[in-house]
Amino acid sequence: MQKIIISGFGGQGVLSLGKFISYSAIEQNLNTSWLPSYGPEMRGGTANCSVIYSAEDIAAPVIDHPDILIAFNEPSLDKFEGSVKAGGVIITNSDIVHKKTTRKDVKFYQVPVDTLAAAINKRGANVYMLGVLLPIFNGDISEEAAIHAVEHVFESKPKVIPSNIECLKAGIEYMKKFVK
Amino acid sequence: MKKLWKGNEAIAEAAVAAGCRYFFGYPITPQNEIPEYLSWRLPEVGGAFIQAESEVSAINMLYGAAGAGARAMTSSSSPGISLKQEGISYIAAAELPCVIVNMMRSGPGLGGIQPAQGDYFQATKGGGHGDYHPIVFAPSSIQEFVDITYGAFDVADKYRTPVMIIGDGMLGQMMEPAEIPPMRDLKTLPDKNEWAACGHSDGRPRIINSLRIEPDELEAFNNHLFKKYEEITKNETRCEEYLTSDAEYIFVAYGSVARICKAAIVELRAQGIKAGLIRPITLYPYPTDAIASKAKCDKVKKFITVEMSMGQMIEDVRLAVNGLKPVEFYGRSGGNVMMPADLVKYVKEGK
């Protein structure tokens, strides 16, 4: 089971990264829940979503202490870093977030995901981040399941599927260097 | 196969699968995905979607469609549901089957748009005037929303009564895997020719009316309605018990809050504290017997009612417990959601 909070500006693909994780979890026959922030909170400040996957039934869809925080902007890091479980993971989009976490008891990864994805697909940053997450998920979700999820989400836009799958694979390769 | 569904859209598709072909509504957050979905989906299956000029208009369109024997529904959120109450009272009095969805937001007044459960009294005690109750379901997952919506139209037809399904902004907006049951063959829906105002088919007049001016006639009708509610209570009362068999602390909660209680129970049990949950699935009729029988258990130390309100369902819990055990309350309001850790702390520290 992983409890994940994804947070950033509206338009950074925060909610859709969450959907990619949930779709991948379904492809892997896991239970999943995706809970978005909604309403005026989405404008200006931070948009966020709480995503859980688990082999068991999922009780609360709300997350007080995430295993993983993905911060696409600085306000998101400020808002959520204190809540991450000890021993958990914080990932920032280091193209936008320049500071580091103040937490000493978590694994911290700075991924310049916009730059890395842009070499393949300018709009592929969130799928690239999905790839980054797979090694952290430690085999819970296979590359095949994630590929199926990407194919499913882009069903109506088949042209963009190959470059998104390329982003996914590049994200996995990138993160494998850090996560054994 | 299971697909990822947003709560609101899952309800909409489940209604279509159940044979609902007519929807009347007016936009309000956080339930807008229901009308949005049905606005394109219903025409696809030969039905009709109407965005009315107001909630009052929408509920009266529903009254008309139900009176004509159609499978029809409306949906709204708290302030919009308040506007519909006159119509719901009329529909109950005219004994018409229909489905009303309330994705609750915080109140009173226009309030906020974040999740809340402050409409419990309104939903269960008859939010409009006069002696009546709708049947009220409170699902707690997207799959349960689907299954209950799919069955709600049949329950409404069986008793010729309005059925309300209540959720909150969290359940409406979240996504979970769910499976939609097969499309109902419309030919298998109940025949309503006996009473529905569906045309001059056999020269016999059908009257859909809620005016009963003679006191004796109206009293007889009130007795008839409440006999029906007794029958509904006997047949339709539903609740889930979660780890109650050895529980010393019993949470009572419905909808999304019940799930937060379950997470708290897992944590409490990991710390050696025996907690359990009674989750009403029907809020009217209320699972009074299930709670009353737990109140008689020596093991049970107390009940803790947990709601996203200032405390409404707690009154029904107290009535069921009937003084046998303490009944305490933990609530958040204004659109705030309690966390499992808050409930763990409450049980351990009593605050």
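What follows is a working chat about a predicted model with chains A and B.

Trainee: Starting with chain A, how many helices and strands are there?
Mentor: Chain A has six helices and six strands. Along the sequence they run β-α-β-β-β-α-β-β-α-α-α-α.

Trainee: Where does α6(A) pack?
Mentor: The buried residues of α6(A) pack against α3 (113-118), α4 (125-136) and α5 (143-153) of chain A. Those buried residues are Asn164(A), Ile165(A), Cys167(A), Leu168(A), Ala170(A), Gly171(A) and Met175(A).

Trainee: What length does α6(A) reach?
Mentor: Helix α6 of chain A, residues 161-176, reaches 23 Å from its first C-alpha to its last, close to the 22 Å expected for its 16 residues.

Trainee: Switching to chain B. What's its secondary structure?
Mentor: Chain B has 12 helices and 14 strands. Its radius of gyration is 20 Å, close to the 20 Å from the globule rule for 351 residues, so chain B is as compact as a globular protein of that length. The C-alpha trace of chain B spans about 70 × 50 × 40 Å.

Trainee: What about burial and contacts in chain B?
Mentor: In chain B, 53% of the 351 residues are buried. Of the contacts in chain B between residues at least 6 apart in sequence, 79% join residues at least 24 apart.

Trainee: Which domains does chain B have?
Mentor: The domain assignment gives domain 1 (3-236) and domain 2 (239-349) of chain B. Their C-alpha centres lie 28 Å apart. The contact between them involves 25 residues of domain 1 of chain B and 22 residues of domain 2 of chain B.

Trainee: Which element gives the most on the domain 1 side?
Mentor: α5(B), with four residues. Elements that each supply at least two residues there include β7 (162-168) and α8 (215-236) of chain B. By class, that side of domain 1 of chain B has 13 nonpolar, 10 polar and two charged residues.

Trainee: Back to helices. Where is the kink in α6(B)?
Mentor: The kink is centred on Ala152(B) and is about 30 degrees. The end C-alpha atoms of α6(B) are 25 Å apart, which agrees with the 26 Å that its 18 residues, 142-159, should span.

Trainee: Is Ala152(B) buried or exposed?
Mentor: Ala152(B) is buried, and so are other residues of α6(B), including Phe153(B), Glu144(B) and Asp157(B). After the helix comes Arg160(B), with a positive phi near 45 degrees.

Trainee: Last topic: how many residues from each chain are in the contact between A and B?
Mentor: Chain B gives 22 residues and chain A gives 16 residues. On the chain B side, α7, β8 (175-178), α9 (255-270) and α12 (340-349) give two or more residues each. α9(B) gives the most, with five residues.

Trainee: What classes are the residues on that chain B side?
Mentor: They divide into 14 nonpolar, four polar and four charged residues.

Note on methods: Residues numbered from 1 in each chain as written. Chains lettered and ligands numbered in written order. Predicted model: local features only at pLDDT ≥ 70, side-chain atom pairs only at ≥ 80, totals over all residues. Domains from an automatic or database assignment. Contact = placed C-beta atoms within 7 Å. Nonpolar A, V, L, I, M, F, W, Y, C, P; charged D, E, K, R; others polar. Expected span 1.5 Å × (residues − 1). Bend = angle between axes of the 7 residues up to and from the residue. Buried ≥ 20, exposed ≤ 12 C-beta atoms within 10 Å, placed from the backbone. Rg over C-alpha atoms; globule rule 2.2 N^0.38 Å.
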